[in-house]
Amino acid sequence: MKDAYYFSHDSNARYDPKILAMRAVFGMEGYGRYWCLIEILRDEDGYKLEKTKHLYDALAMQMQCERNAAKEFVDACINEFGLLHEDDNFIWSESLISRMENKDKKSEKARKAAQKRWQKSSNDAGSMHMQSDSDADAMQPHSERNALKERKVKE
């Protein structure tokens, strides 16, 4: 099973004027197709979908519609509603890219902070001359489970 990756979106996205315009034309089916496209984009490198020979066949399969309906929908999201953007090679969502850049920055900052903590912890342990190559295997006497075992043994 492939890992599922998180991305944020506004809980009131359905009221965005661009999405409302798209929903007015395509209904809730279009809303589902739109979020399907956003999820697909989320999994792509750079959050951009490469235009390939069979792109609309693949999208049609994902969105459970005919190839022409998939192409018409994507074209409308680009040209009529401004929900998606394109160049000669790719299709993308500015909103998704912006959100993912923010998420990626926060993740990188958290990763660096954790790395600093681990380095500090490692340095602190080294300064106390308490480094060991083996894992501790002593029972914690205060845990409920181990305390129960101790009582049974005493009885």
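At what angle do helix α2 and helix α3 pack, and how far apart are their axes?

## Basis of the report

This is a predicted model, in which local features need pLDDT of at least 70, side-chain atom pairs count only at pLDDT 80 or more, and totals for chains, interfaces and linings use all residues. Residues are numbered from 1 along each chain as its sequence is written, and side-chain values use heavy atoms, with hydrogens and water left out.

## The α2 and α3 pair

Helix α2 (residues 55-63) packs against helix α3 (residues 67-79) at an angle of about 95°, and their axes are 8 Å apart. The two helices are therefore roughly perpendicular (an angle of 65 to 115 degrees).

In contact (heavy atoms within 4.5 Å) are Y56, D57, L59, A60 and M63 of α2 with R67, A70, K71, F73, V74 and D75 of α3. Of the residues in this contact, seven are nonpolar, four are charged and none is polar.

## Helix α3

The buried residues (under 20% relative accessible area) of α3 are A70, F73, V74, A76, C77 and I78. These buried residues pack against α1 (17-42), α2, β2 (85-86) and β3 (90-92).

Not counting residues up to four places away in sequence, L59 touches L37, I40, L49, A70 and V74.

Conventions:
Axes are lines fitted to C-alpha atoms, for helices over the stretch in contact, and angles run from 0 to 180 degrees between N-to-C directions. Helices (H or I, at least four residues) and strands (E, at least two) are DSSP runs, numbered from the N terminus. Angles under 35 degrees count as roughly parallel, over 145 as roughly antiparallel, 65 to 115 as roughly perpendicular and the rest as oblique. Ala, Val, Leu, Ile, Met, Phe, Trp, Tyr, Cys and Pro count as nonpolar, Asp, Glu, Lys and Arg as charged, and the others, Gly among them, as polar. Buried means under 20% relative accessible area, exposed over 50%, partly exposed in between (1.4 Å probe, protein chains only).
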